[in-house]
2 protein chains.
Amino acid sequence: MQEARVFSAGAPRRGRDCPTGRDCLCALAMNLDPSPLALPFPAIPPIAGARPRVAKAHYKAWDRCDLTFVEFAEGTTVAGVFTRNVCCSSEVEMGREQVRLGRARALIVNAGNANAFTGYRGREAVEQIMAQVAHRLGCEPSDVFVSSTGVIGVPLPKDKAQAGVAAALDAPECSWEEAAATIGTTDTFTKGALATAIVDGRTVTVGGIIKGSGMIAPDMATMLGYVVTDAAVEVNFLQDLLTAASLRTFNCITVDSDTSTSDTVLAFATGKAGNAALAGFDDPGADAFAAALNDVCRQLAHLVVRDGEGAQKFIEVQVTGATTDDSARRIGLAVANSPLVKTAIAGEDANWGRVVMAVGKAGEPADRDKLSIGFGGVWAARDGQPLAEYDETPVAQHLKGREIRIEVDLGLGDGRATVWTCDLTHGYIAINADYRS
Amino acid sequence: MQEARVFSAGAPRRGRDCPTGRDCLCALAMNLDPSPLALPFPAIPPIAGARPRVAKAHYKAWDRCDLTFVEFAEGTTVAGVFTRNVCCSSEVEMGREQVRLGRARALIVNAGNANAFTGYRGREAVEQIMAQVAHRLGCEPSDVFVSSTGVIGVPLPKDKAQAGVAAALDAPECSWEEAAATIGTTDTFTKGALATAIVDGRTVTVGGIIKGSGMIAPDMATMLGYVVTDAAVEVNFLQDLLTAASLRTFNCITVDSDTSTSDTVLAFATGKAGNAALAGFDDPGADAFAAALNDVCRQLAHLVVRDGEGAQKFIEVQVTGATTDDSARRIGLAVANSPLVKTAIAGEDANWGRVVMAVGKAGEPADRDKLSIGFGGVWAARDGQPLAEYDETPVAQHLKGREIRIEVDLGLGDGRATVWTCDLTHGYIAINADYRS
């Protein structure tokens with residue numbers, strides 16, 4: 001990864017370097033360098049039936065765009081997955097209800113204020129935005145989806161929201177990269193993903209943008225992801241596909257085990273590609289579309305890990321031989337969430353004893369004497385004992401890299417899962433303890 | 001806390017300062033200073049029926065005592081609680097079986113090698129120690145309890161164990177402080193607790209020693225705790241009391257959420273105080289004894305938190321208003337294990353939004369709009385909203401101290417629990433990532 005490429009696609013920058021062309025603060029306010037694991041923003045083309053725009057609501061004392069508005073064509077279907085945190089925001093509560101109706105005409109994303117833990121005043125602010133946009137578009141308020149990310153415990157200021165929404169409604173269409181930069185808060189680079197599929201003889205585009213890096217900065221929070229496609233997909237099938245993809249992607253990443261009050265992923269299908277609407281896996285092209293959606297979700301999930309607070313290494317935990325896939329995922333997350341495993345990787349230390357510990361504490365079926373642990377394709381321990389012929393040289397070399405793989409084989413069954421995380425470094429402490437809100 | 005007091009009772013020191021009178025490495029090898037939260041070692045008197053001794057087994061390249069032997073009088077009863085980590089050591093597997101028999105004549109603790117994940121060779125080493133001690137004392141091998149702490153994945157060397165045990169069998173009786181120093185590995189200070197109770201007209205002593213500081217150093221692990229009393233207590237009642245005390249003490253502490261493969265707490269009752277054996281709460285003095293046992297367990301548990309890796313602040317999380325006590329404990333642990341809460345406390349930041357997040361992710365009943373969060377007796381948020389009259393000044397003052405209290409009220413029921421942890425600092429990363437095994 002060359003630095004120039006990271007910058008060209010990367011973090012919002014002041015002045016000329018800023019992809020929104022405006023003066024941004026975001027991660028720069030904390031003097032955060034772009035993550036060494038950053039990837040460039042992909043060339044997401046315009047997606048028929050979806051028009052992104054950005055505006056300044058001035059939610060914080062900054063001079064950057066912090067309000068994103070995407071207008072969707074009539075007939076757009078929507079699906080969503082949301083945080084399981086029971087102290088969730090009004091946006092999440094209402095979004096959960098709205099996806100049951102399955103229709104979307106607009107998305108509004110506020111950056112700089114999470115509007116979480118703000119009681120009825122927070123809910124009123126969301127309802128005001130929904131009404132304002134619905135009035136302009138001539139749709140139902142329930143067709144307008146709202147997300148917010150930033151400070152917890154401060155009601156979203158209604159006057160700023162109203163002015164920002166008004167500006168966005170009149171703003172010119174912008175690129176997906178500008179939209180992705182505008183939903184970001186303390187992200188150190190701008191995150192997007194792209195895939196295509198042939199459905200019913202037509203090439204459909206699946207694009208996605210996401211923000212989040214764990215709960216990176218004091219009072220900042222939340223992973224917010226949006227997938228937009230021009231394919232026609234019936235709402236129930238879209239929800240099934242998104243739920244399945246989330247289980248293997250967003251639900252398989254962890255930065256610090258802390259679940260935000262506002263995590264949201266929404267998928268919008270405008271239907272403008274002209275294919276016969278997909279309603280199930282028997283329809284032609286459904287498999288290809290599902291693969292593209294899954295691919296975009298996986299890319300987006302990885303980008304969040306790559307921007308994890310203080311991350312220096314991207315870690316993949318491959319679990320095989322578990323009793324079930326779900327058990328494998330839980331074991332993988334126990335390894336990925338273990339501070340001792342994450343600090344060992346940060347220290348480039350092939351400390352497989354810590355992996356054993358993490359597997360054992362997962363609360364899932366495991367037999368110590370059938371357990372095997374490896375790094376980067378080299379087994380360090382097999383069947384409950386250190387390998388006599390274990391050569392740490394290739395493992396030490398592997399651990400010096402940016403992309404680390406930990407292999408865990410339970411030796412019990414066919415259950416398997418892959419989980420992703422980052423290492424735990426001084427950078428995490430610096431961001432979360434040294435910097436004051 | 002004056003430094004001189006910490007040193008006099010604190011970490012094993014080289015040469016003259018060393019309480020064992022020998023040259024120790026332990027935490028000094030890592031240049032760890034004594035924890036700022038250290039407490040002095042209490043004046044535990046000799047306990048009738050229990051004779052501690054220490055010896056050098058040279059489990060590592062150090063010149064310190066690393067093998068502890070305690071001989072118990074005939075008739076000593078024993079109870080135990082063990083790690084739930086399914087990848088536990090042979091010592092834990094065997095100890096679990098032994099406490100069912102309820103008799104103890106000896107305890108051996110090896111420091112420097114955890115003997116975990118070592119297969120049949122690890123088990124053979126434990127059986128050899130049990131046979132060697134049983135032969136000398138003329139008891140059953142199952143009367144000999146063995147614990148080990150240190151490197152994972154290296155079988156305990158049988159020759160070193162044999163020589164060390166032989167030396168310990170012939171060693172003179174030592175103080176409980178010497179025993180406590182000898183079971184330590186990377187502990188930065190020596191840990192003990194003392195309580196007394198009047199039982200059946202006699203004053204009984206309850207003493208305890210413990211080692212552990214999370215899984216502090218690379219390949220080092222484990223909390224090992226031992227409670228010894230001269231009271232006569234029937235084995236089933238002793239087990240009931242220890243289990244109940246553990247639930248409110250050892251099971252309510254967390255340093256880094258990582259559960260060791262070897263965690264063990266054993267309670268030995270020699271019966272030499274001459275009281276009529278306690279068999280249940282109807283017996284006179286049973287309440288007083290239970291209170292003393294609980295007090296010692298609580299003190300020992302707190303000492304482990306006070307030596308948590310990199311700890312600069314001791315944090316008490318008080319949860320009230322939960323649906324049940326167990327639910328309250330889970331919520332407290334979710335708060336205490338949250339890296340974002342722990343780093344906020346390290347940064348002396350009254351970030352109650354992170355506490356809200358942690359409560360919400362606990363997976364326990366909670367109602368956002370009834371939730372209240374406070375610090376050091378001052379509510380920051382009540383009933384799901386920030387308090388308009390919230391004054392951060394006294395909270396900021398409280399957070400500057402060493403002893404921090406976080407209050408969580410769920411507003412749902414009568415369930416309550418108190419949980420203890422430490423903050424998450426650069427010291428944790430330094431110990432676990434910068435230092436290589």
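**Exercise 1.** Identify the residues in contact with B:Ile108, leaving aside its neighbours within four places in sequence.

Solution. Two residues are in contact if their C-beta atoms, placed from the backbone, lie within 7 Å. On that criterion, the partners of B:Ile108 are B:Leu67, B:Phe69, B:Ile129, B:Val133, B:Val144, B:Val146 and B:Val165. This is a predicted model, in which local features need pLDDT of at least 70, side-chain atom pairs count only at pLDDT 80 or more, and totals for chains, interfaces and linings use all residues. Residues are numbered from 1 along each chain as its sequence is written, while chains are lettered from A and ligands numbered from 1 in the order in which they are written.

**Exercise 2.** Determine the strand order of the open sheet in chain A, and then its edges.

Solution. Strands are DSSP runs of at least two residues, numbered from the N terminus; two of them pair if DSSP finds at least two bridges between them. The order of the 6 strands is E13-E12-E11-E14-E10-E15, with mixed pairing. Strands E13 (385-386) and E15 (415-422) of chain A each have a single partner strand, so one side of each lacks a neighbour in the sheet. Within chain A, E11 (residues 372-375) and E14 (residues 403-409) are antiparallel over 4 bridges. A:Ile373 has A:Val408 of E14(A) as its bridge partner.
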